[in-house]
Amino acid sequence: MIDIKNVSFGYTEDKEILKDINFHMKQRECILLCGKSGCGKTTITKLINGLIPYFAENSFVSGKVLVENMDTQNTPIYELSKKIGSVFQNPKTQFFNVDSDSELAFGLENEGASYDFIRNRIDETTESLKIKKLRHRSVFDMSGGEKQSLAFASVYAINPDVYVLDEPSANLDLKAVEVLKKQLQNIKAQGKTILIAEHRIYYLSELIDRVFYVDNGKITFKFTREEFLAISDENRVKMGLRTTLEEKLIEREKVICNRTDDLCIESLSCAFNNNVIFDDISFSANKGDIVGIIGHNGAGKTTLVRCISGLIKEVKGKIYFKGKTMNCKKRNKLCYMIMQDVNHQLFSDSVWGECELSMGKTCNEDIENVLKIFNLYDFKDLHPMALSGGQKQRLAVATGVLSKKKVIIFDEPTSGLDYCQMGEVSKMIKKLSKDGHIILIISHDTEFLNLTCTKMFTMNKL
């Protein structure tokens with residue numbers, strides 16, 4: 001089904017990303033690609049779906065990648081796409097339309113399917129994947145998790161033989177991860193072949209047939225499912241891998257609303273075009289607090305923190321800091337927000353320059369120390385867009401650390417991060433807490449929340 005033979009690859013000729021990759025994948029197999037952030041997992045997926053070399057100018061490839069006997073380096077993308085469906089780490093990069101129904105129809109329209117077939121297939125897809133709530137929606141009004149579900153559904157509608165997924169659970173809440181697991185079980189039962197690059201691996205423990213561990217561009221270990229699940233916790237952590245067991249959220253102190261606290265959000269409401277996103281939200285926090293904000297995809301968590309940070313205006317309610325009312329402009333100076341899609345806040349032409357932008361005043365020693373903590377120092381001269389998804393995430397967190405603002409907000413800060421980097425982010429947040437910052441964290445990552453937060457706040461859909 002899939003054969004990778006003696007493949008080496010570099011985005012430039014002087015630096016190899018992958019080195020002598022070899023594996024054979026049988027039809028109906030489900031294989032997990034795992035390893036530390038930046039190890040080359042995503043690059044392997046791009047070799048299989050044909051994005052490399054077609055969208056990697058000045059790169060070099062040696063060896064062969066065959067999918068159903070098609071050489072991906074010489075077969076047109078439109079031919080490969082009939083057999084291979086891809087779900088990217090950032091779902092927005094694969095959207096071609098502004099509404100969900102058009103996105104579901106897009107692949108079938110490009111295949112020349114009839115109107116009746118497309119309509120019936122979309123109905124079948126939304127029914128089978130239990131996503132009717134995503135129909136007739138603007139993609140701009142969807143949460144990150146809802147976009148991830150739509151991206152998977154748009155591929156499912158085409159009905160490919162091979163699914164290539166890159167971090168499909170990155171932005172999903174626990175309920176949505178369970179839905180994704182059932183969707184993968186469904187396509188596996190249909191005889192599909194599945195390759196998944198993933199850090200959040202607990203939900204795959206019953207699905208995978210084999211596991212390939214990638215380290216510094218090489219596949220250093222190949223495990224059967226049984227061998228992989230038998231790895232000790234100590235060795236798993238050394239390998240930079242997340243837990244293979246589902247973690248339950250540890251009960252934390254629940255936040256209340258107290259006007260005398262340092263930061264107080266009182267009866268806050270937000271709406272877009274008369275559509276209420278959340279209503280009457282109240283809570284408060286003091287310096288040193290690390291508040292986890294949890295809730296299902298689409299509950300309004302990101303809108304809430306965007307309002308707190310002054311990026312959007314509230315419909316009603318007040319926000320106070322040390323007893324003083326804070327308008328949007330003041331909140332913007334008070335807060336620094338690391339967004340869920342970090343591509344929106346990377347502006348410089350180098351990693352080092354990005355750090356300088358966030359500091360205001362340049363302090364080379366501080367920048368150097370933070371970049372070393374997040375394993376980014378060796379990439380300090382690279383353009384931020386040349387980094388992997390996990391590396392971009394770490395860079396955005398690093399800029400937040402360097403900003404030194406009083407309130408620092410993290411929206412899914414561990415998306416695309418391995419266990420080691422997740423631990424480093426947790427340590428850095430705890431250090432910020434000790435330094436007197438107020439930390440607000442939106443996350444579906446139970447492992448991270450248990451490790452990091454001191455308080456918890458739950459948002460529910462209206």
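Predicted model: local features only at pLDDT ≥ 70, side-chain atom pairs only at ≥ 80, totals over all residues.
Asp366, Ile367 and Val370 in helix 13 meet Ala398, Val401 and Leu402 in helix 14. That contact divides into five nonpolar residues, no polar ones and one charged residue. Helix 13 covers residues 364–373, and helix 14 covers residues 389–403. Their axes come within 10 Å and cross at roughly 145 degrees. The crossing is right-handed.

Helix 14 has another contact to follow, with helix 12. Helix 12 spans residues 351–359. It packs against helix 14 at an angle of about 35 degrees, with the axes 8 Å apart. This crossing of helix 12 and helix 14 is right-handed. From helix 12 come Val351, Glu354, Cys355, Ser358 and Met359. From helix 14 come Leu395, Thr399, Leu402 and Ser403. By class, the contact of helix 12 with helix 14 holds five nonpolar, three polar and one charged residues.

Helix 14 lies across strand 17 and strand 18. It runs at about 175 degrees to strand 17. Both strands belong to an open sheet of six, in the order 11-20-14-19-18-17, with parallel pairing. Strand 11 and strand 17 (335–338) stand at the edges. Each has a single partner strand, so one side of each is left without a neighbour in the sheet.

Strand 11 (residues 253–254) runs parallel to strand 20 (residues 455–458), and two bridges join them. Glutamate 253 stands opposite lysine 455 in strand 20. Next comes strand 14 (residues 290–294), joined to strand 20 by four bridges, again in parallel. Here isoleucine 293 has phenylalanine 457 of strand 20 as its bridge partner. Further along, strand 18 (residues 407–411) and strand 19 (residues 438–442) pair in the parallel sense over five bridges. Aspartate 411 stands opposite isoleucine 442 in strand 19.

Strand 15 (residues 316–321) pairs with strand 16 in the antiparallel sense over two bridges. Phenylalanine 321 has lysine 324 of strand 16 as its bridge partner.

Next, the empty space. Rolling a probe the size of a water molecule over the atoms shows where such space is left. The count comes to two cavities of 30 Å³ or more. The largest cavity has a volume of about 120 Å³. It is lined by 14 residues. Ala170, Arg200, Thr414, Ser415 and Asp445 lie nearest its centre. The lining of the largest cavity divides into two nonpolar, six polar and six charged residues.

The second largest cavity holds about 100 Å³ of space. Its lining includes Leu174, Ile201 and Tyr202, along with Arg242, Thr243, Glu246 and Glu247. His444, Thr446 and Glu447 also line this second cavity. By class, its lining has three nonpolar, three polar and six charged residues. Arg200 and Asp445 deserve a look here. They line the largest cavity, and they line the second largest cavity too.

Helix 4 supplies the largest share, four residues. By class, the lining of this pocket has eleven nonpolar, nine polar and three charged residues.

Key. Residues numbered from 1 in each chain as written. Heavy atoms only, no water. Axes fitted to C-alpha atoms, helices over the stretch in contact; angles between N-to-C directions. Left-handed = near helix turned anticlockwise from the far one by under 90°. Contact = heavy atoms within 4.5 Å. Nonpolar A, V, L, I, M, F, W, Y, C, P; charged D, E, K, R; others polar. Pairing = 2+ DSSP bridges. 1 Å grid on protein atoms, 1.4 Å probe; cavity = no way out; pocket = protein on both sides within 12 Å on 5 of 7 lines; lining within 4 Å. Points joined across faces, edges and corners; volume = space filled by probe spheres on them.
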